[in-house]
Amino acid sequence: MKFFIDTANLAEIREAQDMGILDGVTTNPSLMAKEGITGKDNVLRHYKQICDIVEGDVSAEVIATTFDEMIREGEELAELDENIVVKVPMIKDGVKAIKYFSEKGIRTNCTLVFSAGQALLAAKAGASYVSPFVGRLDDISTDGIALIEQIVGIYRNYGYTTEVLAASVRHPMHLIQCAEIGADVMTGPLSVIKALLNHPLTDIGLAKFLEDNKKAANK
Ligand code: E4P
């Protein structure tokens with residue numbers, strides 16, 4: 001399973017990269033705004049900085065919502081770095097843009113996916129990744145994990161190569177459940193990945209090992 005982090009914060013991205021388990025980064029316009037990155041030149045510069053830190057795919061989202069504008073924006077993003085994946089919303093012009101990009105060899109991440117039908121459209125258009133939002137579905141009392149399972153099954157039925165990127169992952173159980181049902185990738189805050197480290201028996205065991213070692217050394 002690939003681990004992506006969902007942030008535009010360079011310090012967090014560096015920290016995750018340093019851990020040695022990072023496979024990529026996803027961003028969205030809200031995350032860029034959170035870091036105060038606005039204006040085309042600043043946005044492009046920021047994406048380039050992210051690509052320089054990460055050894056892996058970096059999803060950069062288009063702001064445009066019409067086909068022609070998405071193509072122009074997406075091509076500009078893709079030129080920044082070979083690891084850029086153009087993130088395109090699941091709307092009619094978005095599906096058309098994904099098809100165009102896939103024929104041009106530009107990789108895409110179809111975002112804002114909330115149903116199996118949308119995921120099927122993304123795969124048929126040739127998306128490299130599909131991003132169903134687990135947490136946002138859970139927020140409205142709909143089972144986000146069940147959607148991931150459904151999409152994994154559908155893609156397997158037809159051999160689609162689109163990778164299922166479980167997005168909006170909010171806690172470690174989301175991550176574990178996504179791994180159990182075979183999601184190709186997860187993306188969420190770095191805190192979710194770091195939470196995997198925690199187990200009280202690990203802490204107790206380590207404290208005991210260190211204490212015993214100290215006692216033996218002092219004998
Ligand atoms: C996906 O790529 C989105 O950026 C993201 O995972 C959304 O997560 P959120 O619902 O926690 O904002």
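User: What percentage of the 219 residues in the chain is buried?

Analyst: Buried residues account for 37% of the 219; a residue is buried if 20 or more other C-beta atoms, placed from the backbone, lie within 10 Å of its own. This is a predicted model, in which local features need pLDDT of at least 70 and side-chain atom pairs count only at pLDDT 80 or more, while totals for chains, interfaces and linings use all residues. Residues are numbered from 1 along each chain as its sequence is written.

User: How many helices and strands does the chain have?

Analyst: The chain contains eleven helices and eight strands (DSSP runs of H or I with at least four residues, and of E with at least two, numbered from the N terminus).

User: What do the eight strands close into?

Analyst: They close into a barrel, in the order S1-S2-S3-S4-S5-S6-S7-S8, with parallel pairing (two strands pair if DSSP finds at least two bridges between them). From one strand to the next, the twist averages 25°.

User: How many bridges link S1 and S8?

Analyst: Four bridges link strand S1, residues 2-6, to strand S8, residues 185-188, in the parallel sense. Phe-3 stands opposite Met-186 of S8.

User: And S4, why is it largely enclosed?

Analyst: Strand S4, residues 84-89, is largely enclosed by the rest of the structure because six of its six residues are buried. Ile-84, Val-86 and Val-88 are buried on one side, and Val-85, Lys-87 and Pro-89 are buried on the other, so both faces are covered.

User: Which residue in S4 is the bridge partner of Ser-59?

Analyst: The partner of Ser-59 is Val-85. Strand S3, residues 57-61, pairs with S4 in the parallel sense over four bridges.

User: New topic: at what angle do H5 and H6 pack?

Analyst: Helix H5, residues 92-104, packs against helix H6, residues 116-125, at about 30°, and their axes lie 8 Å apart. Axes are lines fitted to C-alpha atoms, for helices over the stretch in contact, and angles run from 0 to 180 degrees between N-to-C directions. H5 and H6 are therefore roughly parallel to each other (angles under 35 degrees).

User: Finally, which residues are around the ligand?

Analyst: The residues around the ligand are Asp-6, Thr-26, Asn-28, Thr-111, Ser-131, Phe-133, Gly-135, Arg-136, Ala-167, Ser-168 and Thr-187 (C-beta atom, placed from the backbone, within 6 Å).

User: How does that shell divide into nonpolar, polar and charged residues?

Analyst: The shell has two nonpolar, seven polar and two charged residues. Ala, Val, Leu, Ile, Met, Phe, Trp, Tyr, Cys and Pro count as nonpolar, Asp, Glu, Lys and Arg as charged, and the others, Gly among them, as polar.

How values were computed. Parallel < 35°, antiparallel > 145°, perpendicular 65-115°, else oblique. Buried ≥ 20, exposed ≤ 12 C-beta atoms within 10 Å, placed from the backbone.
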